[in-house]
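Here are my notes on the model, as numbered points. Please read them with the structure open.

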Amino acid sequence: MKSAKNGRDGRTRIIEGALRRFSQDGVSASTLASLREESGVSVGSFYHHFASKEHVFGVLYSETLAMYQEAFVTELTRHEEARAGIEGIVTLHMAWCGEHPERARLLVSERPPRREEPGGAEVAETRRTFFRQVSDWWRPHTKAGLLKPVDATMCYVLWLGPAQEMCRLWFAGAHQPTQAEIKELSEAAWASLRM
């Protein structure tokens with residue numbers, strides 16, 4: 001049911017409010033009461049949509065991860081050349097984090113829900129599909145001798161590890177990345193992953 005006050009339904013208001021709270025205070029420090037207060041919903045409305053704070057987090061994390069991975073795969077698959085794909089993803093990562101700082105903070109700062117936790121099964125499925133899509137793009141470049149054959153963890157660390165650290169500094173207010181630094185991060189990723 002939509003609120004006459006703002007035209008948004010209770011679920012949307014809860015998700016938006018939780019995103020603000022989790023981004024500012026972290027999931028563990030956010031209380032159910034603070035989520036309800038931030039979203040402006042009643043106790044009954046909250047429980048109509050979500051069973052717990054952890055349920056809200058699981059849904060929010062799963063939705064955010066799917067948004068990020070969709071943008072990632074869209075960017076990656078528009079590049080046929082290995083170097084353009086590797087560098088393009090670093091640039092996309094930094095741009096996405098700048099456009100969605102609260103969601104990016106959630107992905108960078110919080111542990112993903114485990115399979116048995118709310119949202120965990122969705123996160124596992126999203127990741128499985130995502131890794132398959134990235135592998136499908138990566139494999140021909142490895143066979144052509146352009147990219148290293150690395151496992152998923154090392155791929156992530158070498159490809160986006162430095163960019164993630166730059167984002168942590170950015171989110172903490174310690175440093176605003178420049179376009180020149182983003183280009184440097186992209187080139188460093190290529191240097192780490194090329195054959």
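1. A residue is called buried when its relative accessible area is under 20%, exposed when it is over 50%, and partly exposed in between (1.4 Å probe, protein chains only). By that cut-off, 42% of the 195 residues of the chain are buried.

2. This is a predicted model, in which local features need pLDDT of at least 70 and side-chain atom pairs count only at pLDDT 80 or more, while totals for chains, interfaces and linings use all residues. Residues are numbered from 1 along each chain as its sequence is written, and side-chain values use heavy atoms, with hydrogens and water left out.

3. The chain has nine helices and zero strands; both are DSSP runs numbered from the N terminus (helices H or I, at least four residues; strands E, at least two). Its C-alpha atoms fill a box of roughly 60 × 35 × 30 Å along the principal axes. Counting contacts (heavy atoms within 4.5 Å) with a separation of 6 or more, 69% join residues 24 or more positions apart.

4. Helix H1 covers residues 10–25 and reaches 22 Å from its first C-alpha to its last, close to the expected 22 Å; the expected span is 1.5 Å times one less than the number of residues. Its buried residues include Arg-13, Arg-21, Ile-14, Leu-19 and Phe-22. The buried residues of H1 pack against helix H2 (32–39), helix H3 (43–49), H4 and H6.

5. How many residues line the largest pocket? The lining has 30 residues, and Gln-69, Phe-130, Phe-131, Tyr-156 and Leu-160 lie nearest the centre of the pocket. A pocket here is an open set of points on a 1 Å grid over the protein atoms alone, where a 1.4 Å probe fits, with protein on both sides within 12 Å along at least five of seven lines; lining residues have an atom within 4 Å of a point. The volume is about 670 Å³, taken as the space filled by probe spheres set on the points, which are joined across faces, edges and corners.

6. Helices H4 (53–77), H5 (82–99), H6 (101–109), H7 (120–143) and H8 (152–171) each supply at least two residues of this lining. H8 gives the largest share, eight residues.

7. Ala-95 belongs to helix H5. Is Ala-95 buried or partly exposed? Ala-95 is partly exposed, because its relative accessible area is 35%. Between Ala-95 and Ile-182 the C-alpha to C-alpha distance is 9.5 Å, although they are 87 residues apart in sequence.
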